[in-house]
Each structure stands twice: as structure tokens, then as C-alpha cells.
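A few residues are then taken up one by one.

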Amino acid sequence: MADFARNTHHALDYVELPVTDFDAVKTFYGDAFGWQFTDYGPGPAYVGIRGMSDDEVGGFRKEEQVTPGGPLVLLYSTDLEASLRAVREAGGEITQEPFDFPGGRRFHFRDPAGNELGVWTAA
């Protein structure tokens, strides 16, 4: 898990996404964003997500079914069009094409488990 000496009081610290197939989401997020993973337990029982700094920033937890909805997790991109292409090429479903919002542009996508996330870039 994360190095707690680096954690910030009351800041968002770790995001867990429910998934039905660890292999499918590891392939998708690895291909789309270059993420790395740590398998925990036999099977595995849980998969940690390592961000670009190599710190663990989240994880995938196994569920029988994923229910869409809930908080929207947003990823930042320095090149929104390249991120959009990478998500498409990795098999993500684009649920909202890029659009402007105050401060930037973003798009939304659905991963192989059915989770919806967004990617944004500054204006």
C-alpha cells in the first residue's frame, strides 16, 4: 500500500474500483495509460494500482457485478487527444466525446468492468 509518510491529511488518497475481471482491467489500464499493478493474495484477491511515480494510488477489488454510478474519478492528461486514442485502442467505450468546461476539456469513458471515468486537460 501507499507510503503513509507521504500522505496529506484530508486529501483524496486512494481510489478503489470494483471489477469483475482482473485480467481485463489490468490489460485495459496498462495499454491505455501505462499503469503498473501489484497482485495481492492468491488468485489474486486484490490488485493494487501503481501510478506514474510508482506509488500505489488505488486498487481493483473483485465484485460479482459492477453497478454504474457513484463518484466520477477524473484522470489528468497533458495530451487529451492522445489519451482519447489510447482509451479507444485499449477497448474503452467513450461515453462522452471531448467537451469544453470552465478550465479545460475532458471526455468520459467506460472500462471493461463498466466503471465510468473521465480524463481532462487544462485550457
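Pro44 sits in the loop between strand E2 (36–40) and strand E3 (46–50). Helices (H or I, at least four residues) and strands (E, at least two) are DSSP runs, numbered from the N terminus. The peptide bond that leads from Gly43 into Pro44 is cis, and its omega is near -5°. Most peptide bonds, in general, are trans.

The model is predicted: local features need pLDDT of at least 70, side-chain atom pairs count only at pLDDT 80 or more, and totals for chains, interfaces and linings use all residues. Residues are numbered from 1 along each chain as its sequence is written, and side-chain values use heavy atoms, with hydrogens and water left out.

**The chain as a whole**

Two helices and eight strands make up the elements of the protein chain. Read from the N terminus, their order is β-α-β-β-β-β-α-β-β-β. The radius of gyration of the protein chain is 15 Å, close to the 14 Å that the globule rule gives for 123 residues, so the chain is as compact as a globular protein of that length. That radius is taken over C-alpha atoms, and the globule rule is 2.2 Å times the number of residues to the power 0.38. The C-alpha trace spans about 40 × 35 × 25 Å along its principal axes.

Of the 123 residues, 39% count as buried; buried means under 20% relative accessible area, exposed over 50%, and partly exposed in between (1.4 Å probe, protein chains only). The accessible surface of the chain comes to about 7300 Å², and carbon and sulfur atoms hold 51% of that area. Accessible areas come from the Shrake-Rupley method with a 1.4 Å probe; for residues, only the protein chains shown count as cover.

Contact means heavy atoms within 4.5 Å. Among contacts in the protein chain with a separation of 6 or more, 49% are between residues 24 or more positions apart.

**The annotated region**

An unreviewed UniProt entry gives the annotation "domain: VOC" for residues 11–122. UniProt positions are given in the numbering used here, feature names are shortened, and annotations may be inferred rather than shown by experiment. Over residues 11–122 the chain is 20% helix and 44% strand, and the end C-alpha atoms lie 21 Å apart.

**Selected residues**

Helix H2 (residues 80–89) includes Ala86, and Ala82 is also placed in helix H2. Ala86 is buried, with a relative accessible area of 17%, whereas Ala82 is partly exposed at 27%.

Gly92 counts as buried because its relative accessible area is 13%. Beyond its neighbours within four places in sequence, Gly92 is in contact with Phe28, Val87 and Arg110.

Glu116 lies in strand E8 (residues 116–122) and is partly exposed, with a relative accessible area of 31%. Not counting residues up to four places away in sequence, Glu116 touches Leu72, Thr95, His108, Phe109 and Arg110.

| Pair | Separation in sequence | C-alpha to C-alpha distance |
|---|---|---|
| Ala86 and Leu12 | 74 residues | 26 Å |
| Gly92 and Val57 | 35 residues | 21 Å |
| Glu116 and Glu93 | 23 residues | 9.1 Å |
| Ala82 and Asp100 | 18 residues | 17 Å |
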